Structure formats: structure tokens, C-alpha cells
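Thanks for coming. I have one structure to go through this morning, and I will keep to what was computed from its atoms.

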Amino acid sequence: MKSICVFCGSNAGNQPIYRSEAEKLGRLLAARGIELVYGGGNVGLMGAVADACLEAGGTVVGVIPQALMGKEVAGRPVDHRTLTRLEVVDSMHTRKARMAELAEGFIALPGGFGTFEEFCEILTWGQLGFHAKPMGLLNVNGFYDPLLAMFDRAVADGFLRLQNRAMALADSDIEGLLAAMAAYRAEPVSKWLKEEKQL
């Protein structure tokens, strides 16, 4: 993989391990020459992973909606002005589509509703055959245990096929997750949608 999109919180969480693992991921991507693609923010875990990648000499591409430019959270600008490249788009939907286009894989760090939604949407796109890229949860501090249990419950209760459940990779170790993503091969599925605009 030459580029990975990272979904994560615009908050840092209330335990130091979340920020430290975000920074570790950023440094590791830089060390491996993997371009970081993310939502363009300068706050929370978004800012932590981007700053760490940049400080380690990595390449970081941010994609942010015009509506968020110039906004502030806790006195800091939401948009990151020192990235390798910052793309400003017209909507949240365009942002997600552009990040998906730029990335060869996806990792979700801990976060809130937006992070959950982004990861589950990219899983859905994979299920529909729109892409065959690896998708992983970095399960820091067991954060994603309840979500993984929900995925398993969906299989047990007949709402999700086991082969689709297997698309959601997870590991508490960054290097383990990257290894699983590198080895990932999507199950062949019929592509339901012919064009991005149908999503």
C-alpha cells in the first residue's frame, strides 16, 4: 500500500494512550513511505496522527469541506495549514469519496459518530463491490470490542454474511494490523454499482 486513509476523532479522548497510538501510527506510516490521507483537521487524534507523520518526514494529504475551513475547536483551527497538500471540497460526501479515491487502504482509530460512520460506509462500499481495499480497526485499549461484537451478532442473527464480516480487520497492534491489511484479498463479489455517483 502506498497510501492509507485514517479515520479518527476530532477529539483526543480522555486517556493518553489514544493520542500516543495515533502519533505512533503517523510515525510508522512516514517510516514506511506510506502517504497519510485524512480529513484535514488539526485537532484531536486527527491533528496528532498528521503532525506525527509530518514531523517524521512523511507525506500527508488532507481533504476538508469548505464549510469547515476557518472554524475553531478549543481555540485551534480545524483546518491544518502545514500539510503536504490540503484539498478543499464542497461537501462531507465529496470529502469521503475523495479520500476513498486517494487511499489504497483504510484504518479507523478511536473516534465518535463521524469515525464510526466513515468506517462503516467504506465497509459497505466494499460489500457492494465498489472497491477491494483493506479496511482495519486499530483497536486501541479495546475501544472497538463492542463494535466487533456487534458485527459478530449481526452474523449470528442472519443480518451479515461471514465473508462480509471478515472484511473488517482488527488488531490492537499497529504493525499487526498493517500486516493483515497487506495480506488482505477481497472475496470476489458482483459489483452492484457502476459509478460513484450512485452511492
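Some ground rules. This is a predicted model, so to speak of local features we need pLDDT of at least 70, and side-chain atom pairs count only at pLDDT 80 or more, while totals for chains, interfaces and linings use all residues. Residues are numbered from 1 along each chain as its sequence is written, and side-chain values use heavy atoms, with hydrogens and water left out.

The search runs on a 1 Å grid over the protein atoms alone: a cavity is a set of points where a 1.4 Å probe fits but cannot get out, and a pocket is an open set with protein on both sides within 12 Å along at least five of seven lines. Lining residues have an atom within 4 Å of a point. Grid points are joined across faces, edges and corners, and a volume is the space filled by probe spheres set on the points.

The largest pocket holds about 510 Å³. It is lined by 30 residues, and those closest to its centre are Cys8, Gly9, Ser10, Met46 and Thr115. Two or more lining residues come from each of β1 (3-7), α2 (44-55), α3 (92-102) and α4 (113-127); helices (H or I, at least four residues) and strands (E, at least two) are DSSP runs, numbered from the N terminus.

Now the rings. The whole structure has 6 aromatic pairs, where rings of Phe, Tyr and Trp (its six-membered ring) pair if their centres lie within 6.5 Å; planes under 30 degrees apart count as stacked, over 60 as edge-to-face and the rest as tilted. Phe116 and Phe143 make a tilted pair, 6.4 Å centre to centre with 35° between the planes. Phe116 is in helix α4 and Phe143 in the loop between β8 (135-138) and α5 (145-156), 27 residues apart. Phe116 also pairs edge-to-face with Tyr144, at 6.4 Å and 75°. Tyr144 is in the loop between β8 and α5, so this pair ties together parts 28 residues apart in sequence.

Which residues make up the cluster linked by ring pairs? Tyr18, Phe116, Phe143 and Tyr144. Tyr144 is buried at 2% relative accessibility, whereas Phe116 is partly exposed at 31%; buried means under 20% relative accessible area, exposed over 50%, partly exposed in between (1.4 Å probe, protein chains only).
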